[in-house]
Amino acid sequence: MEPAFGVESPAFVAIRALLSACSIGLVGAFCLRWAVLARYAGPDAEELRAAVDRRLPAIIDVLAIAAVLATLARFAAQHAAVFGASEPWTRDSVGALLVRSDWGRGWWLALTTAVFLIWLAPRLRRGIAVGWWLAAAAALAFAASGPLSGHPAASDAPTRGVAAQLAHLLGAGGWIGGLALLTVVAIPTARGLTDGAQGDADGRIAGLVRAFSPTALVFSALLALSGLYTAWMQLGGLERLWQSAYGRTLMLKLGLLSIAVLTGAYNWRRVLPALGTPSSSARLRRSSLIELTAAALVLVVTAVLVATPMPGD
């Protein structure tokens, strides 16, 4: 029987996009803590780090809760796509998905690591170092659960495919996730530290963005290289970019990604050197919003791409 609910349906696309956003946000949280704040060298660096450490666990908690809900919804969507939306859940159908398939192993990894993060997040406020390392390991495992249950795991070279896709997610997390957490956590925290002098807040923001800039370059390079490798593995020929649905969707993703890249380059070359004043901070907010909006659209297109048959399937 033809399934009434497909993997390309808007609901399934939204679920996959939310899962990717959770992975990228979680990676971005640890990137902010260990790669950006560690480089921040302002006179109140320790105070700012401590203040961000008090706010990050709440963000990790929200992302983990969203990850659990999206993972549960993903199972319902997968069951409907495989067996039909009107078919009831049975012991055999649930077992086929969750026990007797590679997809199920990836699903269990996502669920258990996200639940563990919900349990751990409130305890991170105690400042115990091992807690942050355990949370980072759980976030990495959650990010890996996507490639382990998608196209890469089903490819002819699953190990390389999963590794490349995980590197792609880490690149996106370090760049886009780091920018998102910088925007919604670190910069508001830097403003909150000021005792009334606007110049102090703008100086802290400038210091944070300068600390983030080299991190963004490294992770965006990882994103680009892993994306090129994945595309080369899955396309098998340049002409398939325009001759296959997968290639055309990939080109749309690259077009949107180029907007984010160009905006990031503008921030790096034009906005960053002028930071330190209220007007430059406002310009940073506007350009960062464009960059994050383009990145969000990339997530949606990527969620469509992973359900699109690869050339040769």
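These are my notebook entries on a predicted model of one protein chain.

**Entry 1: the whole chain**

I began with the secondary structure. I counted eleven helices and zero strands in the protein chain. Reading along the sequence, I wrote the pattern down as α-α-α-α-α-α-α-α-α-α-α. I then looked up the radius of gyration, which is 21 Å. The globule rule gives 20 Å for 313 residues, so the chain is as compact as a globular protein of that length. Along the principal axes, the C-alpha trace spans about 70 × 45 × 30 Å.

Next I looked at burial and surface. Of the 313 residues, 51% count as buried. The accessible surface comes to about 14800 Å², and carbon and sulfur atoms hold 67% of that area. For contacts with a separation of 6 or more, I noted that 74% are between residues 24 or more positions apart.

I also looked up the charges. The chain carries 25 positive and 17 negative side chains. The centres of these two sets lie 5 Å apart.

**Entry 2: salt bridges**

How many salt bridges does a search of the whole structure find? The search finds four.

I took aspartate 53 and arginine 33 to start. Their side chains meet in a salt bridge with an N to O distance of 2.8 Å. Aspartate 53 sits in helix H2, residues 45-83, and arginine 33 in helix H1, residues 10-36. The two are 20 residues apart, and the pair links distant parts of the chain. I checked the accessibility of both partners. Aspartate 53 has 21% relative accessibility and counts as partly exposed, while arginine 33 has 19% and is buried. The two values fall on either side of the cut-off, because buried means under 20% relative accessible area.

I went on to arginine 204 and aspartate 44. The closest N and O atoms of this salt bridge are 2.2 Å apart. Arginine 204 is in helix H8, residues 198-235, and aspartate 44 is in the loop between H1 and H2, so the pair ties together parts that are 160 residues apart in sequence.

The last pair I wrote up is arginine 49 with glutamate 46. Their side chains form a salt bridge at 2.7 Å, N to O. Both residues lie in helix H2, three residues apart, which is about one turn of the helix. Glutamate 46 is exposed, with a relative accessible area of 59%.

**Entry 3: tyrosine 40**

I stayed with the loop between H1 and H2, where tyrosine 40 lies. Tyrosine 40 has 3% relative accessibility and counts as buried. Which residues is tyrosine 40 in contact with, leaving aside its neighbours within four places in sequence? I listed Ala45, Leu48, Arg49, Arg204, Gly207, Leu208 and Ala211. Two residues on this list came up in my salt bridge entry: Arg204, which pairs with aspartate 44, and Arg49, which pairs with glutamate 46. I also looked up a distance for tyrosine 40 and alanine 211. They are 171 residues apart along the chain, and their C-alpha atoms are separated by 5.4 Å.

**Entry 4: two alanines**

Alanine 64 is in helix H2. Its relative accessible area is 0%, so I put it down as buried. Not counting residues up to four places away in sequence, alanine 64 touches Ala114, Leu117 and Ile118. From alanine 64 to phenylalanine 142 is 78 residues in sequence and 9.6 Å in space, C-alpha to C-alpha.

Alanine 201 has its place in helix H8. Alanine 201 is buried, with a relative accessible area of 3%.

Definitions and conventions:
Residues are numbered from 1 along each chain as its sequence is written. This is a predicted model: local features need pLDDT of at least 70, side-chain atom pairs count only at pLDDT 80 or more; totals for chains, interfaces and linings use all residues. Side-chain values use heavy atoms; hydrogens and water are left out. Helices (H or I, at least four residues) and strands (E, at least two) are DSSP runs, numbered from the N terminus. Buried means under 20% relative accessible area, exposed over 50%, partly exposed in between (1.4 Å probe, protein chains only). The radius of gyration is taken over C-alpha atoms; the globule rule is 2.2 Å times the number of residues to the power 0.38. Contact means heavy atoms within 4.5 Å. Accessible areas come from the Shrake-Rupley method with a 1.4 Å probe; for residues, only the protein chains shown count as cover. Lys and Arg count as positive and Asp and Glu as negative; His and the chain ends are not counted. The place of a charge is taken as NZ of Lys, CZ of Arg, CG of Asp or CD of Glu.
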